[in-house]
Amino acid sequence: MEDSIEKCTQPEIVKNNKKNFICGVIEGFYGRPWTMEQRKDLFRKLKKWGMDSYVYAPKDDYKHRAYWRELYTVEEADHLSSLISAAKEHDVVFYYALSPGLDMTYSSQKEIQTLKRKLDQVSQFGCEAFALLFDDIEAELSKVDKEVFQTFGNAQVSVTNEVYTHLGNPKFFFCPTQYCSSRAIPTLHDSEYLNTLGSKLNHDIDIMWTGNKVISKIITLESIQEITEILRRPPVIWDNLHANDYDQKRVFLGPYSGRSPELIPHLRGVMTNPNCEFHANTIAIHSLAHWSKCSMDSKVNSCLADIKLETENEDGISSEEPTDCRLSKNIYHPRIALKSAIAEWLPEFFIEKEAWGPISKPQPQVTMVLPIIPIIPSINTCMSLSTTTTTSTNTKTATVPEVNTTQLRALADVCSTVNSSAVNPISNPVMNSLVSPTKVVTNDDILNPITSSVASAIELPKTIPISVVSVPIMHAKTVEDVCQSHIDNEQHNTKENTPLKTDDICTEIIKSHMELSEVQHDDDSNNKNNDNFDLLEEKDKSELLPIISNLEEDVIIDEKPQDRESASLSTDIVNMTDENNLSPISTGNEPMECSSSQASQTPPKDERKINSEDIIMAETTSTNECNSNMQIESSESSPISNADMKDEEEKILNEDAKIKAEDLFLLCDLFYLPFEHGSRGIKLLNEFNWLKTNANVLCELKKSAAESPKPEVVEWLQRAEAFSVLCDSVQDLLKKVANCANKEICHDLFSYIWDIGGALILLNAFVKWLSQGHFPPNICSFTQGSFTWFSKGWKETFQSGDQEPWVFRGGLTADLQRLMPVDSGNDLFLYKLPELPTTDCTILRPYTNIDEIDVYKVCTKFYLTLGTVEDENIALPEKLCELISDSLVGSYITLSPEFCTIAFDSSKNVIGYAAAAVDIKQFVRKVSICWLPAMQEKYPKSVLDNSELFSANKKFNNSFTRMINDFHNSEYECPKEVSNTYSGIVSIAVLKSSLTADHALVKRLLTVTLANLRANGCFGVHVRLSDAEQVQYYLKAGFQEIFRDPLTKELYLGRRF
């Protein structure tokens, strides 16, 4: 041990080792392979960044795994030859890999000759390095093989050694079936398989290893020394740290970490198996290249203690970004590596490239396996879609916090698909990326289809029902053509903090807040702010910027309400980190996701259909757009003409619309690493949880309007405003990515940002509703949530790295979704992506009295278009023009306006609403006393005798008659079968034209409304329907039939939350 430590400190050994150290990329993930042009682009980058190797091993590419026996055609050979030549031109070693283990008979000389013939063909293309991969296969020999080989390891060793010798002893990788400690059977030291490899596999063949886990959070020197002893050679790390083929909602943009550069002398090399999305891998690959050039880790270097004291607070959060001058070039710091990688990545967004086709996640959705304590086996979808993981008992791992078994079982339920029944994983389409990025291979394309029993399990359909294939991508100019000034101008932008004038803001906040609350009960309030939540004037918002800036970097927030006597809520928020700080806190990681996005597999322009029963939730969001009017002097006295001023303004707007370095910092924070969220991701979680937990301070806000505002109220409102600004920054990021010149990058990233932006729309709308104070003091008992990021033990279990990350699916997006108090609403988070990247924004906010006319219009148009679009512009008689709205929504916005939410588009047009009442019994009583008399006077029964009012609209005669009769029926009483369990009542309407652009608007309105009701102790909601069209409408929103009135034939639909 002492010798190894001594070796590790000798610079000359490190230097000599690096000459032979293999460092590069393995395209070894499941899902859509990269295109030929992308691979050639990768070779250029590898050379530029000082990396030397690439392994061609796409799991779902044609003739690599499923049909490994088939030789390449002339066309395929040309493409593969050009790829190998391109690698050589850039000094990159091209490893050609085959995965024959699915159905190979190891004892068959015919099979071995077939394998040799295939590799000989590739050798003729100029390939000089090879690999055989036996990962993710059944570790059982066939009956025929058992007669020849004693063990599974002996069979693989025999075939590999023979092929290696036949090829002339080239550079060669071997991936074992037991490729990590957790898969070693029975234990790492006692594994007969691994010991056989170490003793019998040719010692010039390099063996690949993933660490303690399939996806290892940390790889230690001790673990490398342990496996080196067993394999009798240093391993090549197949690093899955940035692999994302197991989770539909996650892409990993954090820097390479958890592996000290001091490992380098003890390794043969490191090959990263990164994200499926090619353009999302700059951070992963560039930071690995940075790491490979270092010899020391900043975390273990004692000379950096002073730096920590200067730049980090007591929680270990950096208050400023480390600079190159602080650290030696041979010391690796993840944040410095990230900063450098972002500078390299930014220019690519400005390269003009076109990408046709749908936005889609390039791999299928997979199912979860219920966790078992203390070890959680699960489908290893990163490396396999069928095998399960187990943990060896002798593996040294971090101590895992004790977690209640029931909680973890519930956690697994939350992570799993919405449907509790078993769901079979969708098989991947096998592709021929050598010929075309869109070529999907079917059995009709195979000259000699495999007929063995094993092959039948992977037999391809004659047609591919679900396509996850992108379309061809046009050639574009290279990165070098883009001006480097994008980095220089954008990377160091910072905001200058100004002192917060708390006294000035307090009065304005409370005054504005009270005015907005009163607007719901004052018909003369049309001149007030249309948005309840915009509490601060522009001049005050400028003073609030330091608070917002500090809040964006304030990672550690109290998770429980503070005791006002012992620790009052302070109006000063500590500035803990710099705005561009990318340092994630040590506890910042996530559990699982509510449900995988169907949109990830749903190409919008694909021929396949979405089940009409499956309305999907689109979570498009918007930023608050501030229209400011600038007053200028006349052109006679002004040195700058009006035209020049306009040109200057347009130039500024165009610059603001471009993506900047700080935008990429935010992007990386939102999608950091498998076991941790970035700092601003943690801030979003903590801030929302704080606002929800401390919302009870607003309950007495209206009563104390004339008094000086309490500090805790001011702080809540300030932090709510800052949270809104942080949410808006994500929407700005979405717009910038959608508008960037490089559409390939846009298609790779858009779905992820759109996903998380939709979740933030819901949280932001709920915070806006909370700001009005329409809830009881004991709100926390209703909104706490059973299974969230803040549930005891879950966060700690996740960040420990003891479980594979696919156990906790969904990443930050799912963690944010689960903070909405709708525990039984997983289906509300299934949604369909927009067909193309879009900047169209849908905003949700609480209803105000000035919205009444717009809500009435939406309601009427919605009802008339339930059947056909042709009825949208139907002309109603003047006396009946408000009948539909009075019947469907009028009573809600009059008697229960605090539970109404509206949606409007980027043009500020109201396009939908959700109106509700928390208690049906009280609501019916109010309607009977206050609403029906007014309606009876407005629509007397004599109207029914006026045939002229109805003759023009025969289609709606029955409906109009029923509505008027309902106004004159004051004896209505909700059935007990409904009211006892589903005490709330709701009405939702969204314009059909808006649903075309935003498929999820109904579900998002419903989600916010259900959260508002739950905050008041309501856990079930229903609708009372008479029209068949409305029944289908609500069934698609997740409602189920709960009661049918035998007399009136009315149907009651309900749902719990």
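E348 is buried, with a relative accessible area of 3%. Buried means under 20% relative accessible area, exposed means over 50%, and partly exposed falls in between (1.4 Å probe, protein chains only). E348 lies in the loop between α12 (334-345) and α13 (405-415). Helices (H or I, at least four residues) and strands (E, at least two) are DSSP runs, numbered from the N terminus. The side chain of E348 makes a polar contact of 3.0 Å with that of K45. Such a contact is a pair of N or O atoms within 3.5 Å; within protein, one must be able to donate a hydrogen and the other to accept it, and residues adjacent in sequence count only if both atoms are side-chain atoms.

This is a predicted model: local features need pLDDT of at least 70, side-chain atom pairs count only at pLDDT 80 or more, and totals for chains, interfaces and linings use all residues. Residues are numbered from 1 along each chain as its sequence is written, and side-chain values use heavy atoms, with hydrogens and water left out.

Now to the aromatic rings. The structure holds 37 aromatic pairs. Rings of Phe, Tyr and Trp (its six-membered ring) pair if their centres lie within 6.5 Å; planes under 30 degrees apart count as stacked, over 60 as edge-to-face and the rest as tilted. Take Y72 and Y96. Their ring centres are 6.2 Å apart and their planes stand at 80 degrees, so this pair is edge-to-face. Y72 lies in the loop between β2 (53-56) and α4 (74-89), and Y96 in strand β3 (residues 93-98), so the pair ties together parts that are 24 residues apart in sequence. Both Y72 and Y96 are buried.

A charge sits over a ring if NZ of Lys or CZ of Arg is within 6 Å of the ring centre and within 35 degrees of the ring normal. K59 lies over the face of Y30, at 5.6 Å from the ring centre.

Next comes a sheet. It is open, has seven strands and mixed pairing, and runs in the order β11-β12-β13-β14-β15-β17-β16. Two strands pair if DSSP finds at least two bridges between them. β11 (842-846) and β16 (1040-1044) stand at the edges with a single partner strand each, so one side of each is left without a neighbour in the sheet. β11 pairs with strand β12 (residues 901-905) in the antiparallel sense, over five bridges. L844 has A903 of β12 as its bridge partner.

Helix α26 packs on this sheet, touching β12, β13 (910-917) and β14 (984-990). Contact means heavy atoms within 4.5 Å. T860 is found in α26. At 13% relative accessibility, T860 counts as buried. Leaving out residues up to four places away in sequence, T860 touches L876, C881, I884 and S885.

Finally, some backbone details in loops. The peptide bond from I185 to P186 is cis, with omega near 0 degrees. P186 is in the loop between β5 (171-175) and α8 (192-200). D91 is not a glycine, although it has a positive phi of about 60 degrees. D91 sits in the loop between α4 and β3, and is exposed at 56% relative accessibility.

Note on methods. Axes are lines fitted to C-alpha atoms, for helices over the stretch in contact, and angles run from 0 to 180 degrees between N-to-C directions.
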